[in-house]
Each structure stands twice: as structure tokens, then as C-alpha cells.
Amino acid sequence: MRDFHNDEAFDMRPTALAQVSFLADPAGQESEPFVTDVVAGLAASPKRLPPKYFYDSAGSDLFERITALPEYYPTRCELRTLKEHAADIAAIIPSGAALIEFGSGSSRKTRTLLGAARKLAAYVPVDISVEFLDRQVANLQREYPAMVILPVAADFSESFDLPEAVSVLPRAGFFPGSTIGNLEPQEAAAFLRQAGRILGAGAVFVIGVDLIKDEKILYDAYNDAEGVTAQFNRNLLVRMNRELGANFDLASFEHQAFYNRAQHRIEMHLSSRKRQWVQVCGTNVEFRAGETIHTENSYKYAIETFQQLACSAGWTPLAAWTDSDNYFSVHVLTL
Ligand SMILES: C[S@@+](CC[C@H](N)C(=O)[O-])C[C@H]1O[C@@H](n2cnc3c(N)ncnc32)[C@H](O)[C@@H]1O
């Protein structure tokens, strides 16, 4: 196995982030899938938009602010659990492996693994938020100068290629933040199957999954007193105004987040305060007073339910750890 850490002649670091072609290009042109999804989502009944569009650069910054809020327990609980079990996780990641992270964001939680799993050959953060990914990789490379970091700007719900250099390495997957909870359960199973194809037989996969719990704790986590989650939700309107030439009046849409007990999920919506028409992509879209755009689901699981889902997608559960409050779980799966 080559020692990529010390092999200066074998520099795998990319010079550009190329794979996401649909975000606004330098000439400010519209991005195709965003247009298609917005047109279809606002024509649907009820209106809905995929949560992946929250994450432009401003949306990613807002999400980072959310993770520091007193009401937002997931980040604290998951970090605590990862720190507690960092040595266990490091022990099951093969020496010389590439760590592939789906939806890497600030890579804050990854640092607990990078410190423990010293024999990693490469770290591959995959994220849709191109400019934010670029910034985070620069920070991480300064902190870990010897680490080979190979960012991939891609939508993980579509098929995408890993960097060529990783194809010869054993792979471990990391998917923290309960981002999997933003997918419908059948989408989550499809994602797990696709991740299995990307990571390969014998891979381990570490996944953070939020747990079903007291509804007040769940409600507060998505209705913070400072209103940062509301700003994050409305950022979708800001983004449509800027990138698609829409004319949403931000003040006339209200942030709503509530727990849907039957479906075990938090739902986030933007609710129209009045009857109004909005110009989006050359179309006049009507909103009734109180009509909403459903912007995000965040599914909450029981440990066993998530393990069953993973099994249905071909994975075998190896371990599941929780924090001391039983708020959040970290699963280790193998293929
Ligand atoms: C809930 S945040 C979690 C961030 C980080 N992993 C953490 O645990 O704090 C979701 C992350 O996934 C990224 N993301 C969301 N949907 C994505 C998609 N379809 N493809 C790639 N990245 C996506 C977002 O840009 C964001 O960084």
C-alpha cells in the first residue's frame, strides 16, 4: 500500500471542484435542476421543495449557526458519542482506507475520526454546497497539512464518481448530522444501497441518526428563540429570488416547524401569511392565505427501525451507540 501521507510525488489533491455543474455558473446563468425542481415543486399540491436547496453558501453558514444553538441538541449529542467511541470506530476502519463523508458540511465531527484514525490514506468530503466545501477544505488542510483531502462537489442523491486515486483503496463511509433523516424512508434505503455500491463490499459505514423523543424537545430544536432556523428556512426564498429572479416577499412567509407524530418526523414549512401571487421562473404562482411550501422532513427513528432499514438495503449492523440522554444514535454498519 502506498503511503499517501508522505508521498510528495503522488499529490492527489484536486485543483478545482468540478462535479456540481448545476449551481449558478460564474456568468450567473440559471441552474437547470434547481429550475426544474422549483417549477415542479411549486406546481405540486401540496407545494414542496427538496431540502438540499437550503445549502448555498449562506444556507451552510446558517446551518453552522443552528448547530451552536442551545435548543439544537443533535450536534452536541452526536459529537459526544463520536468522541466517546472514536477509538472503537478507528479500530474498525482499515489501515490505508479512504474516509468518504456524505454531506460533510464543516467536517467538524470528522475531526474526531481524523484524530483517532491516523492511518487513513485520504479523506473525501462530498457536499452539494460548493463554495462552503471549498472554504472548509482549505481550513481542514491547514489543520491537517499531511492529510490527503480530495473534495467532491456533488449531489449524493445522484450517482457521482469518486476521485480516481480512491478506487484502489479500501473505503469507509461517514454520514453524520442525521442528514439521512431528511430523506423519505424509501429514499434513505435507496441512498444506503447506492452508498454500498460506492463504498464496496467489506466497507464500514458510520451514520448519525436522530431518535424519537419527547415532542417538546423536538419542537424547540426546530423553533429556536433566536430565529436562526426560521432564517435558514427562508433562505430558500432568498435563493430563489437571487438565482431564479423570483420576487418572494420574505416578510409574507412564516417559518413553521412541528412534529408529525404519525410519521415520526419534524416537518418544516414556509406558510403564506396572505393570498398572494409570486413570479418564479416566468410563472405566476398563487398562494392561498395559510398555504405552505413543505421545505424539509427530519425523520426520527428507533434504533431497531433504523437497523431494519439498513438491513433492507444490504447492510449489517455492527454497533449502535447513543448519548447518555438517548437523544441521538451513531450506527456502525458493514456490507
Ligand atoms: C444537516 S447538514 C449536516 C452537516 C454535517 N455533516 C454535520 O453533521 O454537521 C447536511 C449537509 O449535507 C449537505 N447536503 C444536503 N443534501 C445534499 C445532497 N443531496 N448532496 C450532497 N450534499 C448534500 C449539505 O450541504 C450539508 O452540508
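Reply: Around the ligand there are 17 residues, and G103, K109, D127, D155 and F156 come nearest; a residue is near a molecule if one of its heavy atoms lies within 4 Å of it. This is a predicted model, in which local features need pLDDT of at least 70 and side-chain atom pairs count only at pLDDT 80 or more, while totals for chains, interfaces and linings use all residues. Residues are numbered from 1 along each chain as its sequence is written, and side-chain values use heavy atoms, with hydrogens and water left out.

By class, the shell around the ligand comprises six nonpolar, six polar and five charged residues. Here Ala, Val, Leu, Ile, Met, Phe, Trp, Tyr, Cys and Pro count as nonpolar, Asp, Glu, Lys and Arg as charged, and the others, Gly among them, as polar.

A side-chain N or O atom of K109 is 2.7 Å from an oxygen atom of the ligand, and one in the side chain of D155 is 2.8 Å from a ligand nitrogen atom. G177 takes part through its backbone, with an N or O atom 3.3 Å from an oxygen atom of the ligand. Taken alone, the ligand exposes 590 Å², of which the protein buries 94%; these accessible areas come from the Shrake-Rupley method with a 1.4 Å probe.

Terms used
A polar contact is a pair of N or O atoms within 3.5 Å; within protein, one must be able to donate a hydrogen and the other to accept it, and residues adjacent in sequence count only if both atoms are side-chain atoms.
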